[in-house]
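Student: I have a model open and would like to go through it by question and answer. Can we begin with one of its open spaces and then move to the fold and single residues?

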Amino acid sequence: MKHKGSCHCKAVEFEVESDLENIRQCNCSICIRRNAKMIIIAKENFTLLKGEDHLSLYQFNTNVAKHFFCKKCGIYTHHNTRSDETKMGINLGCIDEVDPFSFEAVRADGKKLSDVK
């Protein structure tokens, strides 16, 4: 199923193809602070529709994972994962007409990865 999504100010818009079933909440140092539930999808199931110039990239530790935020409103929209280069995480709260509180998330132990350099 295709879903549209965006950051808060709508400067960044995207489309994902997902059944909204592979939901994770990570405990790594950045995810614990942003407290977002994420759907994990194959990279080819993500299409950036608008706002590439509004995205800011943040990397830390090994600099493998790429975390993207809107420069204008600051919302985390998506990231490329460190553990699997074919996958990416999408902020479930950025998907239109989806209530992230109505979904249970599996805990991802990203904190364990932080210890590996």
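## Pocket, fold and residues

Student: By class, which residues make up the lining of the second largest pocket?
Tutor: This is a predicted model. The residues that line the second largest pocket include Gln 25, Asn 35, Lys 37, Tyr 76 and Phe 101. Sorted by class, the lining has four nonpolar, four polar and two charged residues.

Student: What volume does the second largest pocket have?
Tutor: Rolling a probe the size of a water molecule over the atoms shows where empty space is left. Arg 34, Asn 91, Gly 93 and Pro 100 are among the residues that line the second largest pocket. The volume of this pocket is about 150 Å³.

Student: What pattern does the protein follow along the sequence?
Tutor: The protein contains two helices and 10 strands. Read along the sequence, these elements give the pattern β-β-β-α-β-β-β-β-β-β-β-α.

Student: What radius of gyration does the protein have, and why does it agree with a compact globule?
Tutor: The C-alpha trace spans about 35 × 30 × 25 Å along its principal axes. A compact globule with 117 residues would have a radius of gyration near 13 Å, so the protein agrees with this value, at 13 Å.

Student: How much of the accessible surface belongs to carbon and sulfur atoms?
Tutor: Of the 117 residues, 41% count as buried. The accessible surface of the protein comes to about 7,100 Å². The part of that surface belonging to carbon and sulfur atoms is 48%.

Student: Is Leu 49 exposed, partly exposed or buried?
Tutor: Leu 49 is placed in strand β5, residues 46-50. Its relative accessible area is 44%. Buried means under 20% and exposed over 50%, so Leu 49 is partly exposed.

Student: And is Glu 104 buried or exposed?
Tutor: Glu 104 sits in the loop between β9 (87-91) and β10 (106-108). Its C-alpha atom is separated by 9.8 Å from that of Asn 22, 82 residues apart along the chain. The relative accessibility of Glu 104 is 74%, so Glu 104 counts as exposed.

Student: What is the phi of Asn 61, and what is the phi of Asn 63?
Tutor: Asn 61 lies in the loop between β6 (55-58) and β7 (66-70), and Asn 63 has its place in the loop between β6 and β7. Asn 61 is partly exposed at 32% relative accessible area, and Asn 63 counts as partly exposed at 43%. Most residues other than glycine have a negative phi. Phi is positive in Asn 61, at about 55°, and positive in Asn 63, near 60°.

Notes. Residues numbered from 1 in each chain as written. Predicted model: local features only at pLDDT ≥ 70, side-chain atom pairs only at ≥ 80, totals over all residues. Heavy atoms only, no water. 1 Å grid on protein atoms, 1.4 Å probe; cavity = no way out; pocket = protein on both sides within 12 Å on 5 of 7 lines; lining within 4 Å. Points joined across faces, edges and corners; volume = space filled by probe spheres on them. Nonpolar A, V, L, I, M, F, W, Y, C, P; charged D, E, K, R; others polar. Helix = DSSP H or I, 4+ residues; strand = E, 2+ residues; numbered from the N terminus. Rg over C-alpha atoms; globule rule 2.2 N^0.38 Å. Buried < 20%, exposed > 50% of the residue type's maximum accessible area, 1.4 Å probe, protein only. Areas by Shrake-Rupley, 256 points an atom, 1.4 Å probe, with all protein chains shown as cover.
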